[in-house]
Amino acid sequence: MKNIIISIFTIYLLSSCLPKADEITLNPQSSDYAIEKLNVPATFDFKNSKEVKISVSILNGVDKPLKSIPFTIVTEPNGEVIFTGMTDQNGLVEVSKDLGNHIKQLSFKTDMIGIPNSLTVNIESQKATFKIGGSKPVTSMFVENETNFSNAREAFSTSSDGFEYEVMGKWNSSGVPEYLEPVNETITTEFLQDINSSLPESKPLTGTHPEYLKNDRPTTLVLNEKAEVWITFVHEGAGWQNSLGFYKFDPKAPPKTVKDVDNAKLVFPNVSFPGSGGGLVSGSKVKIGTFDKGEAIGFFLLANAFQGKDAKVGSGYYTHFSHSELNVEKNSDLRRHFVVLDDTKSNRMLVAVEDVSRESTPIGCDNDFNDAIFYVTSNPVKAIENPSIPPMDTKETDTDGDGVNDTRDEFPKDKDRAFSSYTPSKSTFGTLAYEDLWPSKGDYDFNDLVLNYQFQEITNAKNEVVDIKLKTVIKAVGASFRNGWGFELPIDPSKVKKVSGQSLLNGLISTSANGTEVGSNNAVIMVFDDAFDKIKRVGADFINTVAKQPYSQGDTMNVTVELTSPVASSTLGAAPYNPFIVVNKDRGKEVHLPNYKPTEKANTKLFGTLDDRTNPSKAIYYKNFKNLPWAIHIPVSFDYPYEKTEILKGYNYFGKWAESNGVDFPDWYLDKTGYRVPENIYKK
């Protein structure tokens, strides 16, 4: 009789087809599986990812918040986009994202002029904190409060044609002048937005504002009366470490050759942000002197002249002058490197530079004229007015009026939508892999249902979620059970306006008019009720788990969850939220990730039966007598084992990871040297 029972149970395990696993009475702890010989800590949750709190603070040079600054967060080293948004009134954004254990660094990216365009930080204690800007930014490239101002030269010949300049004083190892004004200038978001409209990043000025480049547009400044003059740094958009200065000349007898340029002084030895090889902040200001009525000011830029190793200024690749005829290009139409614009709102004269030779080929020149941006002010304030200088472009286009410029708004004609964030990223998929014999243990190959997913959260200008979009495709069905799959959101079902794209064809799931499942306190979104409706057998007992059998491509499903009103991302938590399967059309038989709670539809009478050791009083769910799970979440597209091949035989360090409570080999799932046993992992 015992042998008959064992034979029946063996058939059950092989076929995964008996619907009443709870009726089997064999000893649950008898096993030949190597994975069950592991000593897995009772507290281990088998998480291959962690919820990381990302905090972004953006300040100007006087430590005031900058609102409405758009930015993107990407993973390193691959630059995969996980979040796009915009700072609030306090210059802040906080969001949590589910990130793979292998991700150790994140980077902040922006093309907003006036803001450092990149900063990379380490993830520490499940936090990634970005402080962008401020009066004393701290990065690995900049030493806060550095006082070693020791590098200077009396004069320096930059090229064989004899151009010389004087220095205004000393600077530190990052090229920050000792002679900066003690208080930075106040730079506002509105001012930066006007600059972005006038000189958009990576867009040729020849196309966006060709009027700025007309020959009759001044590239120098003439004093209408005696005045004190200051130069303020705003932005650098260059890959080089440039040096910037000015020269004084008689407008009635302007220089005709480089040798004619005298009275030249170096102002900023290194026109670079912290994190970009320098230490200037937007608002760093230098007084360049007092000028008499009728005197004129020109500017020069030494391309890539700052030598970071020695903190010295060399000759650079070439020198660009305000007087275009002095520049290096053979084509006279391409010699212009400076534009001057009038900010009539603040009586500032904006000066912008293109740092690469405009005839350059292989480096290439983008002609956006924002590689170095600064402005000139005077006292009296109108001493440098000139009606021939074109005004800045203040007509930022925001078609839907949501406060996000059309060039950065993913939905420029929709006031309720502006940005998108992704899990695991915009260009990658994660994997959920299940065993379906719960509450009996399975064979630990984690291929009874394998699906790839990508969640997209669409947010408004306030970074609140308005839509959730899911793209998913079934990779494998190593079972004959007809399993369904869905996920639970931690919000009331009434918060969902509409769900579209589901495949519920078998009468198992009852839904409300909005598409959420009836009878749950939280919004439960069942995506499909039978995996075989979305992937077809092609001459195989199981699908995509058995060697040398035909491969079947699953259908890509696109599910959209529209919310009735915007929801804070902190309320939703991190995707993939609470995903689970419904086993073989038995709605009460749910399988969740370890320690994730079931929905109200789950049959809790199955808890603690057979191999299950769920204990709600201790917040333990869906773990068996050896603390092993029935489901795993992999934050990359997972290569699962062949049928009846336990995961230990495909992944060499899964066991060490589990026994160490996740400390050792937390990236065991990656395709790194020595991590895998290729012959035990399914291939098409």
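Reader: Hi! Where does Phe233 lie?
Author: Phe233 sits in strand β11, which covers residues 227-236. Keep in mind that this is a predicted model.

Reader: Thanks! Is Phe233 buried or exposed?
Author: Phe233 is buried, with a relative accessibility of 1%.

Reader: And what does Phe233 touch, leaving out residues up to four places away in sequence?
Author: Its partners are Phe268, Val271, Phe273, Leu280, Val281, Ser282, Gly283, Ser284, Ile373 and Phe374.

Reader: How far apart are Phe233 and Val376 in space?
Author: Their C-alpha atoms are 9.2 Å apart, while 143 residues separate Phe233 from Val376 in sequence.

Reader: Let's talk cavities. How many of 30 Å³ or more does the structure hold?
Author: There are 5 of them. The largest cavity has about 160 Å³ of space.

Reader: Which residues are closest to the centre of the largest cavity?
Author: Those are Pro116, Ile132, Gly133, Gly134 and Phe273, out of 22 lining residues.

Reader: Nice link. Which strands supply at least two residues of that largest cavity's lining?
Author: β6 (118-122) and β7 (127-133) each do. β7 provides the largest share, with 3 residues.

Reader: What is the lining of the largest cavity like by class?
Author: It has 13 nonpolar, 8 polar and 1 charged residues.

Reader: And what lines the second largest cavity?
Author: That one holds about 80 Å³ of space. Its lining is made up of Ser68, Pro70, Met86, Met112, Gln193, Glu396, Gly403, Val404, Asn405 and Arg408. By class, this second lining has 4 nonpolar, 4 polar and 2 charged residues.

Reader: Switching to the nonpolar cores. How many residues are in the largest one?
Author: The largest nonpolar core has 46 residues. Leu449, Trp485, Phe487, Leu489, Phe528 and Val561 have the most contacts inside it. Strands β23 (430-434), β24 (449-459), β25 (465-476), β26 (484-489), β27 (496-500), β28 (523-528) and β29 (556-567) each give this core at least two residues.

Reader: Which strand gives the most to this core?
Author: β29 does, with 5 residues.

Reader: I'm curious about Trp485. What is Trp485 in contact with, beyond its neighbours within four places in sequence?
Author: Trp485 contacts Leu432, Tyr434, Leu449, Leu451, Leu470, Thr472, Met526, Val527, Phe528, Pro579, Phe580 and Ile581. Apart from this core lies another, of 42 residues, and Val95, Leu119, Leu205 and Tyr212 are among them.

Reader: On to charges. How many salt bridges are there?
Author: The count comes to 20 salt bridges. One of them pairs the side chains of Lys441 and Glu36, at 3.2 Å from N to O.

Reader: Which parts does the Lys441 and Glu36 pair tie together?
Author: Lys441 is in the loop between β23 and β24, and Glu36 is in the loop between α1 (2-15) and β1 (49-59), so the bridge ties together parts 405 residues apart in sequence. Lys441 is buried, at 8% relative accessible area, and Glu36 is buried too, at 6%.

Reader: And Glu94 with Lys53, what does that pair tie together?
Author: The side chains of Glu94 and Lys53 form a salt bridge of 3.8 Å, N to O. Glu94 belongs to strand β4 (residues 92-100) and Lys53 to strand β1, so parts 41 residues apart in sequence are tied together. Glu94 is exposed at 54% relative accessibility, whereas Lys53 is partly exposed at 36%.

Reader: What about Asn544, what is its phi?
Author: Asn544 has a positive phi of about 60°, although it is not a glycine. Most residues other than glycine have a negative phi. Asn544 is in the loop between β28 and β29, and it is buried, at 2% relative accessible area.

Key: Residues numbered from 1 in each chain as written. Predicted model: local features only at pLDDT ≥ 70, side-chain atom pairs only at ≥ 80, totals over all residues. Heavy atoms only, no water. Core = buried A, V, L, I, M, F, W, Y, C linked by side-chain atoms within 4.5 Å. Buried < 20%, exposed > 50% of the residue type's maximum accessible area, 1.4 Å probe, protein only. Helix = DSSP H or I, 4+ residues; strand = E, 2+ residues; numbered from the N terminus. Contact = heavy atoms within 4.5 Å. Salt bridge = Lys/Arg side-chain N within 4 Å of Asp/Glu carboxyl O. 1 Å grid on protein atoms, 1.4 Å probe; cavity = no way out; pocket = protein on both sides within 12 Å on 5 of 7 lines; lining within 4 Å. Points joined across faces, edges and corners; volume = space filled by probe spheres on them. Nonpolar A, V, L, I, M, F, W, Y, C, P; charged D, E, K, R; others polar.
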